[in-house]
Amino acid sequence: MPARRPARTALALAAVALLSATATACGDTGGLRGAGPTTTAVSPTRLWPDLQPASSPAYPYAVATRETVKGVTVPGGDVRKVDPVDVVAAELTAHPDDYGPKGTYHATVDRMRQCRPGGERDRCPLLKPYHRDLTGDGRADLTLGFRLYPTNQTAVRVYTAEGRRLVRVLADNDALLGVELAGRALIERSPADTSGYEYRTTWVWDPDQRAMVFSRDEYLHVGDGPHARRTPSPSASPGAR
């Protein structure tokens, strides 16, 4: 990755400078030197200690979604042998409220037909599939993404095999800047309302719920420049934000 070489070079130079400074300091025969005044530690201040605690969440949020994919089997329990087009087609069929003629993502159905042999591949909304162990069982899982027309959103899905069953363990729809796999975590980057900022949402495997669960949502400054407005998913489908 050539783009990262200058940064690595700068870090290396900084490390060399630090080592040189340390060596010089080690050769100093002078006495002890004060490091300056130390900031006094301040304990956290609890605000409104008499406030009545909430007994229920303010907004419902599906932190975990599990769904067995109907009509798709996993040969030998290996998700690499599953056709991603069949997997998405099964979701379109199982959720007519989202993908039917009056659904929010109704145009996705026509576009998915272009993913079949003989179709116009440049109109196919399915993105490249990735296979990586995200559940920690030593076997590859399937990560899929597909565009949700006519919106600007993208569907992110993760599937695992349980015997010959294909189980969806993550379902999220959002306007995305990018998606990353880091170890066994999936990270989504989304545009924020404020220029120069973005959201980063992290999903990790929860063995108790047997699903990828929402772990962290960060609002980060990424530099100045125009960013598209974040578009929350209007759909009420499982996993949609």
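Two strands count as paired if DSSP finds at least two bridges between them.

The model is predicted, so local features need pLDDT of at least 70 and side-chain atom pairs count only at pLDDT 80 or more, while totals for chains, interfaces and linings use all residues. Residues are numbered from 1 along each chain as its sequence is written, and side-chain values use heavy atoms, with hydrogens and water left out.

Seen as a whole, the open sheet has five strands in the order E1-E5-E4-E3-E2, with antiparallel pairing. Strand E1 (67-73) and strand E2 (130-132) stand at the edges with a single partner strand each, so one side of each has no neighbour in the sheet.

Helix H2 (residues 84-94) lies across E1, E3, strand E4 (153-162) and strand E5 (165-174), at about 125° to E1. Such angles run from 0 to 180 degrees between N-to-C directions, using axes fitted to C-alpha atoms, for helices over the stretch in contact. Among the buried residues of H2 are Val85, Val88 and Leu92 (buried means under 20% relative accessible area, exposed over 50%, partly exposed in between, with a 1.4 Å probe and protein chains only). The buried residues of H2 pack against E1, helix H3 (96-99), helix H4 (107-113), E3, E4 and E5, where contact means heavy atoms within 4.5 Å.

Now to the aromatic rings. Rings of Phe, Tyr and Trp (its six-membered ring) pair if their centres lie within 6.5 Å; planes under 30 degrees apart count as stacked, over 60 as edge-to-face and the rest as tilted. By this rule there are four aromatic pairs. Tyr99 and Tyr105 form a tilted pair, because their ring centres are 6.0 Å apart and their planes stand at 40°. Tyr99 is buried at 3% relative accessibility, and Tyr105 is buried at 0%. Tyr197 and Tyr219 are stacked, with 5.0 Å from centre to centre and 10° between the planes. This pair links distant parts of the chain, since Tyr197 in strand E8 (residues 197-206) and Tyr219 in strand E9 are 22 residues apart. Tyr197 is partly exposed at 26%, as is Tyr219 at 40%.

Conventions. Helix = DSSP H or I, 4+ residues; strand = E, 2+ residues; numbered from the N terminus.
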